[in-house]
Amino acid sequence: MDAERTAIVSQTVAIAVAVAVAVAGSDGGERVAGIPVFALCFAGAFVVQWLAFVPAYLMKSERFFDLTGSLTYVLVVSVAVLLSPPVDVRSGLLWLLVVVWAARLGTFLVRRIHRAGKDDRFDAFKPSLVRFMNVWTIQGLWVNLTLAAALAAITSGARSAPGAPSGPDALLVVGALVWLIGFSIEVVADTQKSGFRANPANKGRFISTGLWSWSRHPNYFGEIVLWTGIAIIAAPVLQGWQWATLISPVFVFVLLTRVSGIPMLERKADATWGGQTEYEAYKARTPALVPRPPRR
């Protein structure tokens, strides 16, 4: 019962945070029938998760959880663009970068769970309606907070204001380059790890080659960098309370380094290889997140 009560509190907090950011991100933004497009997108992300939760709970399955998350990114950012004409260089680029990222990551995660057959992180949640629904609600918050800066820029009324940048500017170019660097790191890291695991000779071993010799979690570093690039692109057209949406890369950083990313994987790795000389030496010489050349 305590776990379910915690899940209820978690969902309440998630929705409250989303409402606060939705209000901030809607400041000066485009509207449809008097309703801010930004807020509509935020609400839509949660609705998609809750609709997908119903069959997932009935089947006690998490197999389309990651796919739903990726499709929600594409759906939400596309709705934002469609409801916020005209489409300029900035909003078009933001749409493209989000869609490319979501398509790549979604495909990668779906293939991974197809090979594994299940994701054991969900085993404790699936039997409970409240706890399993909380997982989907948190995914809705994840989508919204990660996308917040991009959505604010796409729906911002400042895009059409006098003096607003109408074409590529310095921050757009810099942000696109930062995104490309982060995206490349994430793709290479995921590819290297998948190839490592696909080799039967590596069964029961940990990867410490390629980018994984520079960082214990290079894919997460790439993820943080690419969303920082998105925020840089978005910044020139933010106004008023929309500046609060720059929480996006900060949220990604906190989520991956303090909540469900690195801490969870580090505990799992320590439980598997902790105490082994080779693994302890790898941990001692390799940073957890920010890459650096390997030390010998």
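This is a predicted model: local features need pLDDT of at least 70, side-chain atom pairs count only at pLDDT 80 or more; totals for chains, interfaces and linings use all residues.

Reader: How many residues does the largest nonpolar core have?
Author: The largest nonpolar core has 54 residues, and F42, Y73, W101, L147, L151, W227 and I230 are those with the most contacts inside it. Such a core is a set of buried Ala, Val, Leu, Ile, Met, Phe, Trp, Tyr and Cys residues joined through side-chain atoms within 4.5 Å. Buried means under 20% relative accessible area, exposed over 50%, and partly exposed in between (1.4 Å probe, protein chains only).

Reader: Which element gives the most to this core?
Author: α5 does, with 11 residues. Helices here are DSSP runs (H or I, at least four residues), numbered from the N terminus.

Reader: New topic. Which residues make the nonpolar surface patch?
Author: V32, I35, L40, L75, V79, L82 and L83 make it, and the patch is about 540 Å². Patch residues have over 30% relative accessible area and no salt bridge, with nonpolar side chains (Val, Leu, Ile, Met, Phe, Trp, Tyr) joined within 5 Å and like charges within 9 Å. A salt bridge is a side-chain nitrogen of Lys or Arg within 4 Å of a carboxyl oxygen of Asp or Glu. Areas come from the Shrake-Rupley method with a 1.4 Å probe.

Reader: Why does L82 count as exposed?
Author: Because its relative accessibility is 68%. L82 lies in helix α3, which supplies the largest share of the nonpolar patch, three residues.

Reader: And where is R112?
Author: R112 is in helix α4.

Notes:
Residues are numbered from 1 along each chain as its sequence is written. Side-chain values use heavy atoms; hydrogens and water are left out. Helices (H or I, at least four residues) and strands (E, at least two) are DSSP runs, numbered from the N terminus.
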